[in-house]
Each structure stands twice: as structure tokens, then as C-alpha cells.
Amino acid sequence: MTKRWLLVVLVFGLSLSTILARQITVDVKLVTLVATVTDSAGRHIPNLKPQDFIVEEDGTPQTVTLLEQSYDVPVSMGVVLDTSTSMELKINTATSSIDQFLQTLEPEDDIFLMSFAGGVKLEQDFTSDRRKLTSSLRRVQLSSGTSLYDAVEKSLRKVREGQHEKKAILLVTDGVDTTSLISFDEALRSVRVSEVLVYSLGISPGGFSSVPTRSPSPPVSQPGQGGPTIGIPGGPTGGPTNGSVITLPGGIQIPLPGPSRRQFPTGNPGGGGSNLDSVDMKVLNSIASSSGGKAWLITSNSVNGTNPQLENALDEISAELRSQYTIGYHPTHPLNDGKWHRVEVRMKDPRYTARSRKEYFGGENPGR
């Protein structure tokens, strides 16, 4: 009888320990933010302390209990490249610059390559082998359509498979979305929920145009692949297209009327119109800003197959990934409370500026 009671007490004790351990795990979980700190000249600021930061959640000051600078923190990254036909004169310079950028990353970083045009394609799965990535970059094929929003959503899902805790997306495009199955709002929601840094490079219509890399191929028409999305209020037409286009001299594509989709993104911050030969920086800025990343507009022409403006932006991204701070604090509420929370990171020293994501969702899937 004594042994039986001892066994009961032991089982009860183990169960209680498990419950307490789970509770402790929940209680000690942190809200973590990746912050980029720069001065007025854009220089990254090293060797900061927790007391140098001001962190607020929903307007309430928080105590920073974790601060790490990511000098040697490995990164899982997705390179997401626009391979629409409008990239004809730009693709070689773009892939060459991206390849050079990849060589500057740390050897342990794992990277995948994804392309998008009328659909989204995984060109190379996660690898630390730069030769595989170089080979995949050289093999990309151009086609019609621009499924930008689908590419954002799918790349965010893919990067979650990366082996490293720190994750980032490099998005390179020269146009506006025309063929996605999801809307801008849905793509942006995916960014907001994720803890992934998104860096956006928008190549303007004039970018790279002075030095053709190969003879343009004849335009290809294909049926629309995207579902309907809502046009921008106040846009020039916002009308549906059937996926077929007429390509004018200079690569400008004009959609033919049809029922399948609208050429302008829904929820475009600030409204206003776009056209198929203009990069939509309002969308790219919104995506990058929501993640704590940054967007660049590349306007300069290439010279001898290189584009200094593009290369400088990629160099900045490479340096930024190795100089950011991970900030952590304990929220006063359960971490998985199913609510959106507004967060703000500022610096006590007014000479410095901090950039990070502006919100997080307390749970896995926000209500739609």
C-alpha cells in the first residue's frame, strides 16, 4: 500500500512539474524586435546598451530585458526576383548584382531563390552553396505577368523553413502586380504577422535601359491567371483585364479588357494610379516598412553591365543584417492573446534613429 501511494505521489508530482514548466515557458517568453540604429549620415551605431532604447507597447513603456547585436548571427534569406518580360533589359545586371551580394553574406547563411512572373517558382531551395545559387540565377527565364503579391506571401511561408532564427527577404521588381491570386491587403497581412525583414528594390522603367543586355524577345500573351482584386480608388481605370497585353515600343504593356482581374493593387497606401511600366513604390515601401526593413527606388542607368545604385543598396542590406539589434521585453499580458499590439522603438540619444516593425500579433493567425 505504501509503495502504491508513493507511486501516486510521484506521478502527481511529475504532472504538476510539467504543468508548472509549461506555465514558466509561457511566462518567460519575450516579444522580440529587430532594430536598425543609424545616425543622420546613415552609419550603423554599435555597442549600445538596453538603457539607450525607449520601447513602448500600446503607448506603455517596456523594460528591455534582452539586447543582442547581430555581428555573427546567421540568417535564413529568400531572394525573390521579378522575371516578367519587362525585366528584359535589366535581368542580367540584376542577377549579376544579386550574385555579388550573395558572396558578401556569411558562409553559414542559408538562402533560397524564388522567381515570379505570371506565377511563382522556386528556382533553388535553401542552400549555403553559392555556386548553386549562381547557377540558378543564370538560368532564370522571363515570361509575362507579375504575381508580386503571391510571391511575397509564398516567400514568407518558405523562409519559415530556414534553419536560422533571423530571417529576411530580398524582393527585386520593376513593376506593379497584374496576375496575383491574392490581394495587396492579404500580402501585407502576411508581412505584418511574420517576424521577417523584407528589403524591397524597385527598379524604375529608366533603370538599366541605356545598356541592353540582349535583344528583346517578341511579347508573349497568355490568359490571365489571377483572381479578381479591387482597384485603387481614384486610379486611372482600375478596370479588369483578361491577361492579354499589347507591348508598345519601349516595353510598355497595355492590358486588353476582360473579366479576370484588375491591374491596380487593392489597399495601395495613398491611392493614386499606376501603370504597367511603373514600379509601385507605395506598395514596396508599405511591405518593407511593416516588416522593419527598407525599400529603395533604383533610377540610375547601368554602365558597362553594372549599376552602382543597385550595388550600393545591396551593400547597405548586407551591412545592415550584420549590425542590427535584437531587442526583447516581457509583455504584461499573455503573449498569445489573439490581439494586435502597436510597438515603437526610439533612441534616447536624439542623434540616432531606430527602425523596426511597428506591431505584432499575439497568436498564430489573426482574424481575417
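This is a predicted model: local features need pLDDT of at least 70, side-chain atom pairs count only at pLDDT 80 or more; totals for chains, interfaces and linings use all residues.
Biologist: To begin with strand β5, how many of its residues are buried?

Modeller: In a regular strand the side chains alternate between the two faces of the sheet. On one side of β5 stand Val75, Met77, Val79 and Leu81, and on the other Ser76, Gly78, Val80 and Asp82, with both faces covered. The strand is accordingly described as mostly covered, and the number of its 8 residues that are buried is 8.

Biologist: Which residue of β8 is the bridge partner of Val80?

Modeller: Val80 is one of the buried residues of β5, and β5 runs parallel to β8, to which 7 bridges join it. Within β8, the partner that Val80 meets across such a bridge is Leu171.

Biologist: And in β6, which residue is the bridge partner of Ser76?

Modeller: Strand β6, residues 110-116, is also parallel to β5, and 7 bridges join the two. Together with α2, these strands β5 and β6 make a right-handed β-α-β unit. The residue of β6 that pairs with Ser76 is Asp110.

Biologist: Turning to salt bridges, how far apart are the closest N and O atoms of Asp174 and Lys90?

Modeller: Side chains of opposite charge can pair when their charged atoms come close. Asp174 lies in the loop between β8 (166-173) and α5, while Lys90 lies in the loop between β5 (75-82) and α2 (91-104), so the pair ties together parts that are 84 residues apart in sequence. Asp174 is buried at 3% relative accessibility, and Lys90 is buried as well, with a relative accessible area of 5%. The closest N and O atoms of this salt bridge are separated by 3.0 Å.

Biologist: Glu161 and Lys158 also meet in a salt bridge; is Glu161 buried or exposed?

Modeller: The side chains of Glu161 and Lys158 come to 2.8 Å, N to O. Lys158 counts as buried, with 11% relative accessibility, whereas Glu161 has a relative accessible area of 55%. Since exposed means over 50%, Glu161 is exposed.

Biologist: How many salt bridges does the structure hold?

Modeller: Among them are the pair of Asp174 with Lys90 and the pair of Glu161 with Lys158. The count for the structure comes to 15.

Biologist: In the open sheet of 4 strands, which strands stand at the edges?

Modeller: The order of this sheet is β3-β2-β15-β17, with antiparallel pairing, and its twist averages 30 degrees from one strand to the next. Strand β2, residues 53-57, is joined to β3 by 3 bridges, and Val55 stands opposite Gln62 in β3. Two strands have a single partner strand each, so one side of each is left without a neighbour in the sheet, and these are β3 (60-62) and β17 (359-361).

Biologist: What covers the buried residues of helix α5?

Modeller: Helix α5 spans residues 184-193, and its buried residues are Phe184, Ala187, Leu188, Arg189, Ser190 and Val191. The cover over these residues includes α4 (148-159), β9 (197-203) and α6 (281-291).

Biologist: Among the aromatic pairs, what is the geometry of Phe112 and Phe126?

Modeller: The count comes to 5 aromatic pairs. Phe112 belongs to strand β6 and Phe126 to strand β7 (residues 120-127), 14 residues apart, and Phe112 is buried at 0% relative accessibility. The ring centres lie 5.0 Å apart and the planes stand at 80 degrees, so the pair is edge-to-face.

Biologist: How many residues apart in sequence are the parts tied together by Tyr199 and Trp296?

Modeller: Tyr199 and Trp296 form a tilted aromatic pair, with 6.3 Å from centre to centre and 35 degrees between the planes. Tyr199 is buried with a relative accessible area of 0%, and Trp296 counts as buried at 12%. Tyr199 lies in strand β9 and Trp296 in strand β13 (residues 294-298), so the separation in sequence of the parts tied together is 97 residues.

Definitions and conventions: Residues are numbered from 1 along each chain as its sequence is written. Side-chain values use heavy atoms; hydrogens and water are left out. Buried means under 20% relative accessible area, exposed over 50%, partly exposed in between (1.4 Å probe, protein chains only). Contact means heavy atoms within 4.5 Å. A salt bridge is a side-chain nitrogen of Lys or Arg within 4 Å of a carboxyl oxygen of Asp or Glu. Two strands pair if DSSP finds at least two bridges between them. A crossover is right-handed if, with the strands pointing away from the viewer, the path from the first strand over the helix to the second runs clockwise. Axes are lines fitted to C-alpha atoms, for helices over the stretch in contact, and angles run from 0 to 180 degrees between N-to-C directions. Rings of Phe, Tyr and Trp (its six-membered ring) pair if their centres lie within 6.5 Å; planes under 30 degrees apart count as stacked, over 60 as edge-to-face and the rest as tilted.
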